[in-house]
Structures are given as C-alpha cells and as structure tokens.
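Here are my notes on the model you sent.

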Amino acid sequence: MKLKPSKVEVKNSDIEGKGVFATEDIKSGEVILDMDDTHVVEDKSTLTQYEREYECDWLGDGKTIHMQAPEKHINHSCDPNTYVKTIDSIRRVVAMKDIGVGDEITYDYAINGYYDSDIACRCGSKNCRGTLSPNFFKLPRERQLRYLPYLDTWFVEKFKYQLEKIGYPIHMEKKPKQHRAYTLETYNPKWAEGFEKRAEKLKTIFGDEAIDIQHVGSTSIPGIVAKPQIDILVVVRDRSHVQSFAAAMESAGFAYMGANYIPTEEYFVEDAPDGKRLASIHILEQGNPKIDSYINFRDYLRVNGEDRALYVATKTALYQQHGDSYASYDAGKKEVLEAIKSRANQWAQER
Ligand SMILES: [Zn+2]
C-alpha cells in the first residue's frame with residue numbers, strides 16, 4: 001500500500017553500507033517518503049542479529065518495527081538533513097533543510113531515540129559526536145534545544161515531563177484528581193516487603209545522589225488501615241539533579257508527575273496496568289522541612305495508640321460513606337490528618 005518513493009534511490013554510501021540519496025531537489029519541509037511500519041516484530045528471536053541491530057526501529061510502548069527499504073538504509077548523521085514525523089498516523093521522512101540531487105538523506109538517530117550504544121559514528125560531519133548513541137537525553141543541551149521541534153508525537157507523549165523541563169512547550173496542566181476506585185485494607189506485613197523491593201531499585205537508580213530512602217505514609221504503620229499504596233521518601237542531595245534520573249525511573253516503572261504536581265517535592269508514581277496506584281515516590285532535597293514531617297508522622301503513629309485509633313476510625317467511617325469517591329474520602333480526612341500531623345511534629349520536638 002506504500003507510495004513508491006520517487007524522490008530517492010538506494011546506492012552505496014560513503015558513511016556506511018547502503019544509503020538513500022535524493023534523485024531530485026527537495027525543499028525544506030517536504031515529505032520525502034512514507035515509512036512502512038506494517039512489519040511489527042512480535043518475536044525478536046525470529047530476526048537475525050544484523051536485523052535486530054541495524055534494521056529495527058524502537059517506538060513507544062515497546063513496539064518494534066522491522067524497517068523496510070528504502071528507509072532501513074537511511075544512515076545516521078550528526079548533521080542530518082531529515083527527520084521522522086508522524087503525520088496522519090503515518091511516519092514520514094521530512095526534509096529539515098533544502099536537499100540537492102545526489103545528496104545522501106540522513107537523520108540523527110538520537111531524535112526520538114532513548115537507547116544507548118557505543119557504536120562509533122562515521123558520519124564525517126564537522127560536529128560529529130563520535131558515537132552513534134541514539135539517546136536524545138544524552139545529547140548536549142544546545143543540540144537538544146535545536147532538535148525539540150523535530151521530535152515525533154509518540155516520543156513527546158512518552159517523555160513529556162522530561163521534555164518540558166528541557167524547554168519543550170508543553171503546558172502541562174496539573175492532572176485532575178481522578179475519582180478512582182480505591183480500597184481500604186488492614187495492615188499487611190507485605191507492605192514492608194513492597195517497600196524493600198522498590199527501595200532496592202531506587203538505590204540502584206539514584207546511587208550516591210540518594211542520602212536516605214524510607215518507608216513512610218500509612219502502609220509503614222503497623223495497626224493502621226490504609227489504601228495499599230506504598231509511600232516512599234527519597235532524600236536527595238540536590239533536587240535539580242532529579243530530572244536526570246527521570247528516564248531511568250521511567251524504565252523502572254515510575255512515572256514522573258511533573259515539577260508542579262506537588263510543589264515541595266519531585267513526585268513519581270507506579271500504577272498497575274488497570275490504573276490502580278501501587279506506589280508513590282516522594283523525592284525531597286536534604287534540609288526540606290517536609291522530610292521530618294513524613295518521618296514524624298510515621299514514628300508518632302507507630303507509638304501513639306490513641307491517635308492511631310482515631311485515624312483508623314476516621315478512615316473507616318469515611319470509607320463506608322464515600323467508598324466510590326477517593327476525592328471525597330481524601331477531603332474528609334484532611335482535618336483529622338492535619339491535627340495528627342501537628343501533634344506528631346510537637347511530639348518529635350519534645351523528644
Ligand atoms: Zn557523527
């Protein structure tokens with residue numbers, strides 16, 4: 001069903017193997033060819049190593065495309081003259097600048113790329129980065145800014161929070177609080193295991209940047225009733241560094257909720273495929289007074305049976321009343337929660 005690409009031909013390239021060359025003058029902004037994305041790879045073991053390494057395109061949502069000719073022959077250049085953009089649901093190769101007859105068509109594999117490799121680059125351009133590492137997030141900042149207009153929709157959607165930080169003009173709105181179904185459960189020792197498991201992952205991701213990782217919130221308090229959602233506090237040296245871990249967090253299943261979701265912290269969440277929230281990761285810079293609040297609340301309710309009972313009774317009553325609306329439940333417990341937090345902070349000071 002694909003249009004015959006008339007503006008290009010495949011022949012030997014000075015960069016690498018075969019390349020794709022313009023057979024006519026092409027103006028900046030012009031669509032050069034439509035990519036054939038119908039060859040979705042279901043089972044990577046059916047491919048040869050060469051096909052896996054050189055002929056696959058890794059799109060969002062884990063979709064892998066076995067690229068077809070001519071697009072599979074398009075070489076990388078650190079000074080590209082095209083980019084790929086999804087227009088009307090088809091990925092199309094678009095000219096980034098005017099291209100003359102006989103010029104090789106190239107694109108930069110780091111545009112829409114989020115993988116690392118250490119294959120040497122032989123593009124021969126003046127600003128060659130030396131390796132072909134196709135990872136947008138590891139490009140120098142001025143290069144990222146230059147490429148922002150060329151990013152494809154799926155890539156922007158997948159990495160919008162990171163891209164917004166770099167300067168992509170997505171005006172992120174605070175995600176509305178969902179009226180999602182929720183459950184209230186009696187304390188379960190498995191919650192502590194749920195924390196340990198995730199703390200290991202977070203330790204690996206943040207390395208020395210993380211000074212402390214603690215289990216906080218209701219699931220850290222034996223004897224409580226809670227929504228089975230693990231709250232984790234990560235204390236970091238410098239909040240401004242957190243952004244650079246967002247891609248790794250994303251790969252580990254933690255989605256970044258944006259800088260303004262909770263203004264005092266960087267906030268990541270882990271949701272089950274059905275949308276149920278499994279964990280919340282609260283990342284705070286050392287010295288932030290909210291760190292003590294999280295810890296005081298937990299430590300206080302672990303030892304103060306009276307307030308623990310008050311909190312359990314409040315939650316249970318609200319759950320019976322507003323079992324279908326988490327927002328109402330959350331709003332309802334606020335007053336009691338704030339009062340307990342304030343007593344917890346008082347208690348910690350007097351200790
Ligand atoms: Zn290069």
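1. Start with β14 and β15 (residues 266-271). The two strands pair in the antiparallel sense, over 2 bridges. Ala 255 has Val 269 of β15 as its bridge partner. Keep in mind that this is a predicted model.

2. Where does this pair sit in its sheet? The sheet is open and has 5 strands, in the order β11-β13-β16-β15-β14. Its pairing is mixed. β11 (210-216) and β14 (255-256) stand at the edges, and each has a single partner strand, so one side of each is left without a neighbour in the sheet.

3. Next, the pairing of β15 with β16. These strands run antiparallel and are joined by 6 bridges. The hairpin of β15 and β16 has 5 residues between the strands. Within that hairpin, Gly 275 takes a positive phi near 95°.

4. How many bridges join β13 to β16, and do the strands run parallel or antiparallel? There are 7 bridges, and the strands run parallel. Ile 232 stands opposite Ile 281 in β16. As background, side chains in a regular strand alternate between the two faces of the sheet.

5. Helix α5 (residues 190-206) lies across β11, β13 (230-236) and β16 (277-285). Its direction is at about 30° to β13. Helix α7 (residues 289-303) also packs on the sheet, where it touches β11, β13 and β16. The direction of α7 makes about 35° with that of β11.

6. α7 has a helix partner too. It packs against helix α9 (residues 326-350) with the axes 8 Å apart. The angle is about 90°, and α7 and α9 are therefore roughly perpendicular to each other. On the α7 side, the contact involves Asp 292, Ser 293, Asn 296, Phe 297 and Tyr 300. On the α9 side, it involves Lys 341, Arg 343, Ala 344, Asn 345, Trp 347 and Ala 348. By class, this contact has 5 nonpolar, 3 polar and 3 charged residues.

7. α9 packs with helix α8 (residues 305-321) as well. Here the axes are 9 Å apart and the angle is about 175°. That makes α8 roughly antiparallel to α9. From α8, the contact residues are Asp 307, Leu 310, Tyr 311, Thr 314, Lys 315, Leu 318 and Tyr 319. They meet Tyr 329, Gly 332, Lys 333, Val 336, Ile 340 and Arg 343 in α9. The classes are 7 nonpolar, 2 polar and 4 charged. Arg 343 of α9 is listed in the contact with α8 and in the contact with α7.

8. Now the whole chain. The protein chain has 9 helices and 16 strands. Why call it more spread out than a compact globule? The radius of gyration is 26 Å, well over the 20 Å that the globule rule gives for 351 residues, so the chain is more spread out than a compact globule. Along the principal axes, the C-alpha atoms fill a box of roughly 80 × 40 × 40 Å.

9. Buried residues make up 29% of the 351 residues. Among contacts with a separation of 6 or more, 64% come from residues 24 or more positions apart.

Definitions and conventions: Residues are numbered from 1 along each chain as its sequence is written. This is a predicted model: local features need pLDDT of at least 70, side-chain atom pairs count only at pLDDT 80 or more; totals for chains, interfaces and linings use all residues. Two strands pair if DSSP finds at least two bridges between them. Helices (H or I, at least four residues) and strands (E, at least two) are DSSP runs, numbered from the N terminus. Two residues are in contact if their C-beta atoms, placed from the backbone, lie within 7 Å. Axes are lines fitted to C-alpha atoms, for helices over the stretch in contact, and angles run from 0 to 180 degrees between N-to-C directions. The radius of gyration is taken over C-alpha atoms; the globule rule is 2.2 Å times the number of residues to the power 0.38. A residue is buried if 20 or more other C-beta atoms lie within 10 Å of its own, exposed if 12 or fewer, and partly exposed in between; C-beta atoms are placed from the backbone. Angles under 35 degrees count as roughly parallel, over 145 as roughly antiparallel, 65 to 115 as roughly perpendicular and the rest as oblique. Ala, Val, Leu, Ile, Met, Phe, Trp, Tyr, Cys and Pro count as nonpolar, Asp, Glu, Lys and Arg as charged, and the others, Gly among them, as polar.
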